[in-house]
Amino acid sequence: MLEGVKGILRGLVKELGTRTLSEKEIQRYVENFKLQLVANDVAVEVAEDLGERLAAKLKELRLKRFEDSSAEIRKMMTELIDDILQEGDLEEVLEKIREKTSGGEPFVILFVGPNGSGKTTTIVKIAHYLKRLGYPSIIAAADTFRAGAIEQIQKLAKSVKVRVVSQRYGADPAAVAMDAVMSAKANNIPVVLIDTAGRTEVDRNLLEEMRKIKRVVNPDLVIYVGDALAGNSAVEQARRFNEYVGIDYIVLAKLDADARGGSAISISRLTGKPILFVGVGQELGDLKPFSKELIKSILFGP
Ligand SMILES: Nc1nc2c(ncn2[C@@H]2O[C@H](COP(=O)(O)OP(=O)(O)OP(=O)(O)O)[C@@H](O)[C@H]2O)c(=O)[nH]1
Ligand SMILES: [Mg+2]
């Protein structure tokens, strides 16, 4: 992941450790840095932004003439990542769950995203994760659109012993979601996870449907599940969902299968929303809380 970017950063650290770079050399490094970011699926506007920040920092560094520039440049790159990446605060989410449930109400999370991004798998992983922390959940099978969707979530949920509320195919997804909320309330289940449909094309109908569910259910959180493999189109889709439906957090699925890794950087930057988890495989335990450290270790190596 981000191999080329890593190479450029290593080159910079090495050179700056021994001498001061000229303006022209800085410019060359910055141009290459931007090209490598784009080649690694970072959106062009984000690469431009990062390039400008790097140039500004390098100029500053050049003027300061540090004794040990390599440590300094690492620090600088760390700041760069800290500035642009947002990491979701899981503890804060858990606190919100506790707050809501102490008032006798279930905490409701709506999951949205394009077709095949990993929503259903992620929901079951999150149900498993929350259960281990002592927060049982109930799942609403509100994807009444895709053939097999209800059986898929029922089967997966069975493996984590989480109940699914479902109706027939073609039923109103908002009604299924409401049913699940009522059931959670009646049975004192603290969390409701709502699975929704994707579409091959992220069209107005899909966005309208998500908006309706949101309006009816009034969830405490909306989580967008994006596919890391979709690169720039995942970023565009996330932007559309955010503009049209409104999202609070991002989960980036399939990071294990993503050779380039740039989508995490662009998706967080361009939506302005924090990444809460990343999906790193198809098994239940393949969910990691997202941290900036993860991206830093990808960029700078061990
Ligand atoms: N390697 C890998 N595969 C994943 C991950 N998350 C999901 N998948 C796979 O991606 C495929 C689609 O996952 P689903 O969870 O069904 O996606 P979805 O968004 O619910 O799809 P629709 O309901 O059709 O919109 C499945 O084969 C999953 O096993 C992940 O983190 N890593
Ligand atoms: Mg699904």
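Trainee: In β3, which residue is the bridge partner of Ile138?
Mentor: Strands here are DSSP E runs of at least two residues and helices are H or I runs of at least four, numbered from the N terminus. Ile138 has its bridge partner in β3, and β2 (residues 137–141) and β3 run parallel, joined by three bridges. The bridge partner of Ile138 is Arg163.

Trainee: What conventions apply to this model?
Mentor: Residues are numbered from 1 along each chain as its sequence is written, with chains lettered from A and ligands numbered from 1 in the order in which they are written. The model is predicted, local features need pLDDT of at least 70, side-chain atom pairs count only at pLDDT 80 or more, totals for chains, interfaces and linings use all residues, and side-chain values use heavy atoms, leaving out hydrogens and water.

Trainee: Are α6 and α7 roughly parallel or oblique to each other?
Mentor: Axes are lines fitted to C-alpha atoms, for helices over the stretch in contact, and angles run from 0 to 180 degrees between N-to-C directions. Angles under 35 degrees count as roughly parallel, over 145 as roughly antiparallel, 65 to 115 as roughly perpendicular and the rest as oblique. The axes of α6 (residues 119–132) and α7 (residues 149–159) come within 10 Å and cross at roughly 25°. Therefore α6 and α7 are, to each other, roughly parallel.

Trainee: Is the crossing of α9 and α10 left-handed or right-handed?
Mentor: The axes of α9 (residues 204–217) and α10 (residues 231–244) come within 10 Å and cross at roughly 45°, and the two helices are therefore oblique. A crossing is left-handed if the near helix is turned anticlockwise from the far one by less than a right angle, and right-handed if clockwise. The crossing of α9 and α10 is right-handed.

Trainee: Which residues in α10 does α9 meet?
Mentor: Contact means heavy atoms within 4.5 Å. Arg204, Leu206, Leu207, Glu208, Met210 and Arg211 stand on the α9 side. In α10 they meet Arg240, Phe241 and Tyr244.

Definitions and conventions:
Two strands pair if DSSP finds at least two bridges between them.
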